[in-house]
Amino acid sequence: MIRAFGARKVREAEAPLLAAGVPLMERASGALALAVLRLLGGSYGRRALALVGRGNNGGDALFAAAFLARRGMGVAAVVAEGAHGAGLAAARAAGCAVLDVADIDAVVREAARADVWIDGILGIGARGGLRGPFASLVERLEGSREGSALLPEAGRSAGAGPLVVAVDVPSGIGTDDGAAPGPILRADLTVTMGAPKPGLLLDPARRYAGRVETADIGLCLSAAARAAGCAALDVADIDAGFPSPDLVSIERADLPLLWPVPGPSSHKYTRGVVGVAAGSASYPGAGFLCVDAALAAGPGMVRYAGTLGSAVVSSCPEAVLGEGRVDAWVIGPGLDREALARAEPIVDGLRSEGWTAPAVLDAGALAWAERGMTPATVLTPHAGELAALFSRLGIEGSREGIAACPAAAAKLASEFTGATVVLKGPVDVVVSPGSPVYAQSGPAWRAVAGAGDVYAGLLGALLAAGLEPARAAAAAACVHGLASENGPMRASDIVRNVPAVVRAALAGGGSEEGSGYHAPGASASAFHMRRARVSGGRRPMQKIDECARTAREES
Ligand SMILES: NC(=O)C1=CN([C@@H]2O[C@H](COP(=O)(O)OP(=O)(O)OC[C@H]3O[C@@H](n4cnc5c(N)ncnc54)[C@H](O)[C@@H]3O)[C@@H](O)[C@H]2O)[C@@H](O)CC1
Ligand SMILES: Nc1ncnc2c1ncn2[C@@H]1O[C@H](COP(=O)(O)OP(=O)(O)O)[C@@H](O)[C@H]1O
Ligand SMILES: [K+]
């Protein structure tokens with residue numbers, strides 16, 4: 001599980017430590033310098049360019065620059081007025097050249113010689129996108145990379161121009177909401193301090209982060225710190241007295257704690273009955289896929305209540321027709337006008353119970369979303385459907401606006417309706433009242449017609465088993481993503497892969513979870529790094545402290 005913390009909680013975790021004199025910046029800059037050395041494979045003959053903003057993010061970059069210079073690297077720091085005083089003194093003392101950001105041509109010349117650019121312009125103190133001279137510089141630097149095609153979208157080969165390491169976050173992203181206003185330097189590696197930040201997991205900002213490594217600087221927020229004695233690490237722990245994360249991402253290794261597994265006294269009704277109102281004469285496939293996916297997740301029973309009737313049973317003999325008990329409804333995939341009318345009494349029933357019964361409203365059924373719902377109802381729009389929903393509810397929000405900040409859009413939809421909202425896309429964002437936000441990424445192979453119907457079916461099965469809605473939505477998204485790996489595939493292939501994915505996760509087999517992750521556009525091939533756990537980094541704290549101490553003694 002990746003637990004991400006926003007700027008406020010990071011500052012709250014830092015405050016008592018800073019008051020007690022814990023050298024957080026030394027730890028951060030030490031971890032950063034070590035990461036740069038690992039990335040470059042050494043220091044001999046290498047050159048670095050540190051872009052240094054006014055705040056502590058720039059301080060991290062300056063102390064790391066000093067460390068790298070003492071290791072023999074040629075280092076230049078690009079500063080504006082008001083840069084971190086002690087950091088600047090350390091960098092100068094270590095022999096770093098200091099350039100003024102306003103002298104843009106000199107900076108660009110130096111940048112062309114460097115093996116690595118260290119982006120320490122803005123961290124969690126950023127308010128809005130980059131402005132001023134650093135904005136112009138970043139535009140120029142990004143342009144120079146694009147112009148020489150040094151960093152193609154799909155990856156890069158070794159030796160192809162400078163690598164970029166972002167300090168804490170790529171400068172100028174929305175740390176908390178994943179927005180990406182203004183120019184941003186695309187990083188190959190982000191060394192994030194203490195714990196991952198939500199923006200590193202959310203679109204569009206995550207696309208600038210490259211590989212993310214967490215430096216454990218002792219904030220007791222990261223998984224490694226918790227495992228080392230702050231607390232046990234499991235799903236149940238989210239609310240165990242430690243700061244609750246602002247954003248969570250479930251990984252394969254978390255599934256055994258979440259996925260419903262039958263016990264000796266289970267029977268079909270304790271395992272949950274999923275009711276499916278999906279598919280129609282116009283869109284039959286959605287009905288089959290949704291039922292099939294619900295069955296693949298392993299509920300006690302799937303009851304089909306759509307208009308396709310026996311055709312569904314001939315395709316999925318396990319499906320049951322006729323009225324009866326339902327623990328969670330899935331309504332909406334592939335409903336034409338006639339089928340929507342047939343589903344209306346089911347929705348009326350849910351409404352008459354105050355929307356307290358577990359249900360998924362997808363696709364056409366999103367038209368029934370309204371104020372006064374509860375988290376038990378899960379709305380599953382993609383960006384286009386959410387834009388339509390906003391327009392119907394009188395909320396301003398175009399499809400483009402939603403894509404520019406999906407997390408904020410999902411939050412707004414959830415706040416307005418009271419429901420749990422899953423905004424589907426490259427990252428599925430789950431927002432539910434009283435729960436952390438979940439962000440689950442999946443491969444683009446699953447961007448095919450019918451994949452959403454599969455997701456709705458999986459989710460219905462988890463709700464019917466009694467999972468809390470936000471966790472059900474996140475677990476279903478996690479499995480949906482894993483089952484979509486290694487394409488090409490069609491939606492029915494995703495369904496077919498589900499049992500094997502769940503089986504492997506429950507057996508704990510083949511899990512590579514815990515490895516650092518790559519944002520799209522970054523490639524592992526350019527640099528060979530140990531796969532470190534993104535939610536904590538297994539690097540021992542002593543090593544970072546040792547590095548910080550050496551840097552202090554040397555300077
Ligand atoms: N407090 C500490 O001692 C520690 C801080 N750490 C680092 O410090 C960072 C946070 O430091 P700060 O709180 O100083 O904040 P930042 O360094 O992120 O930025 C603050 C400065 O940027 C300016 N600014 C804000 N938005 C801007 C924009 N859009 N365009 C141009 N300038 C803008 C502000 O006016 C302020 O001068 C973290 O991200 C982390 O890298 C770590 O070293 C851990 C310890
Ligand atoms: N670019 C992408 N990368 C990864 N996953 C995606 C991407 N675009 C969409 N998805 C996922 O694919 C599925 C598509 O669902 P949806 O748009 O509802 O399709 P349909 O209605 O045809 O089933 C969703 O689960 C969504 O999260
Ligand atoms: K930064």
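Guide: Helices (H or I, at least four residues) and strands (E, at least two) are DSSP runs, numbered from the N terminus. The expected span of a helix is 1.5 Å times one less than its number of residues. The model is predicted: local features need pLDDT of at least 70, side-chain atom pairs count only at pLDDT 80 or more, and totals for chains, interfaces and linings use all residues. Residues are numbered from 1 along each chain as its sequence is written.

Visitor: How many residues does helix 12 have, and what does it reach from first C-alpha to last?

Guide: Helix 12 (residues 337-352) has 16 residues and reaches 22 Å, close to the 22 Å expected.

Visitor: Where does helix 12 bend?

Guide: The bend, about 35 degrees, is at alanine 343, and proline 345 follows within four residues. A bend is the angle between axes fitted to the seven residues ending at a residue and the seven starting there.

Visitor: And what comes after helix 12?

Guide: Glycine 354 follows, with a positive phi near 70 degrees.

Visitor: Changing topic: where is glycine 95?

Guide: Glycine 95 lies in the loop between helix 4 (85-93) and strand 4 (97-100).

Visitor: Is glycine 95 buried, exposed or partly exposed?

Guide: Glycine 95 counts as partly exposed, because it has 14 C-beta neighbours inside 10 Å. Buried means 20 or more other C-beta atoms within 10 Å, exposed 12 or fewer, and partly exposed in between, with C-beta atoms placed from the backbone.

Visitor: How far apart are glycine 95 and valine 75?

Guide: They are 20 residues apart in sequence and 7.8 Å apart in space, C-alpha to C-alpha.

Terms used
Chains lettered and ligands numbered in written order.
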